[in-house]
Amino acid sequence: MQGYQRQGLGRRLVAAVAQELVRRDLCSMLVWVLVDNPACGFYEALGGRRLRSRPITIGPATLEEVAYGWPDLRAVRFADWP
Ligand SMILES: CC(C)(COP(=O)(O)OP(=O)(O)OC[C@H]1O[C@@H](n2cnc3c(N)ncnc32)[C@H](O)[C@@H]1OP(=O)(O)O)[C@@H](O)C(=O)NCCC(=O)NCCS
């Protein structure tokens, strides 16, 4: 819901997931996002790097999705995230 966006909830959610992955010794993370999704800017703001892309078929449409990656979550400074 739009009224709840841009209040830091997404950042806190992704940080909690990433920190839990590190706690479990899973030290990298990849998130697939449709290339036209405005959320791409969100993952870029959190330091995600575009690593790869691939086509995805949804119903009759073939779209493009991109992967944002954090190769080493142990090096991420979560306190610096916007
Ligand atoms: C994308 C989404 C998860 C982001 O969560 P959020 O709680 O709105 O984002 P945050 O407030 O934590 O944003 C942190 C920072 O990320 C960046 N950011 C967030 N949304 C952005 C957007 N749409 N475009 C560009 N940058 C964005 C900003 O730098 C923001 O800091 P600022 O508000 O101080 O400028 C959320 O808006 C959402 O669920 N959107 C609709 C569904 C969707 O597209 N989900 C993703 C599918 S992969």
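Tutor: Arg6 belongs to the segment before α1, where helices (DSSP H or I runs of at least four residues) and strands (E runs of at least two) are numbered from the N terminus. This is a predicted model, in which local features need pLDDT of at least 70, side-chain atom pairs count only at pLDDT 80 or more, and totals for chains, interfaces and linings use all residues. Residues are numbered from 1 along each chain as its sequence is written.

The phi of Arg6 is positive, near 60°, although the residue is not a glycine. Most residues other than glycine have a negative phi. Arg6 is exposed because it has 11 other C-beta atoms within 10 Å; a residue is called exposed at 12 or fewer such atoms, buried at 20 or more, and partly exposed in between, with C-beta atoms placed from the backbone.

Helix α1 comprises residues 9–23, and its 15 residues should span 21 Å at 1.5 Å a residue. The expected span is 1.5 Å times one less than the number of residues. The end C-alpha atoms of α1 are 21 Å apart, so the model agrees with that expectation. After α1 comes Asp25, with a positive phi near 65°. Asp25 is not a glycine either, and its place is in the loop between α1 and β1. Asp25 counts as exposed because 7 other C-beta atoms lie within 10 Å.

The shell consists of 15 residues, of which the closest are Gln5, Gly10, Arg11, Gly41 and Ala45; a residue is near the ligand if its C-beta atom, placed from the backbone, lies within 6 Å of it. Each of α1 and α2 (39–45) supplies at least two residues of this shell. The largest share, 4 residues, comes from α2. By class, the shell holds 7 nonpolar, 6 polar and 2 charged residues. Here Ala, Val, Leu, Ile, Met, Phe, Trp, Tyr, Cys and Pro count as nonpolar, Asp, Glu, Lys and Arg as charged, and the others, Gly among them, as polar.

The protein chain has 2 helices and 3 strands, arranged along the sequence as α-β-α-β-β. The 3 strands form an open sheet in the order β1-β3-β2, with antiparallel pairing; two strands pair if DSSP finds at least two bridges between them. The edge strands are β1 and β2, each of which pairs on one side only. Neighbouring strands are turned by 25° against each other on average, direction ignored, where the axes are lines fitted to C-alpha atoms and angles run from 0 to 180 degrees between N-to-C directions.

Strand β1 (residues 29–34) is joined to β3 (residues 61–70) by 6 bridges. Within this pair, Met29 stands opposite Trp70, and Trp32 faces Ala67. Strands β2 and β3 are antiparallel and joined by 9 bridges. Here Pro55 stands opposite Glu64, and Thr57 has Thr62 as its bridge partner. The hairpin of β2 and β3 has 2 residues between the strands, and its Gly59 has a positive phi near 60°.

Ile56, which lies in β2 (residues 49–58), is partly exposed because 13 other C-beta atoms lie within 10 Å. Ile56 touches Leu63 and Glu65, leaving aside residues up to four places away in sequence; contact requires C-beta atoms, placed from the backbone, within 7 Å. Val31 is 25 residues from Ile56 in sequence and 14 Å from it in space, C-alpha to C-alpha.

Finally, the chain as a whole may be considered. Its C-alpha atoms fill a box of roughly 40 × 30 × 20 Å along the principal axes. Of its 82 residues, 9% are buried. Among contacts between residues at least 6 apart in sequence, 60% join residues at least 24 apart.

Definitions and conventions
Two residues are in contact if their C-beta atoms, placed from the backbone, lie within 7 Å.
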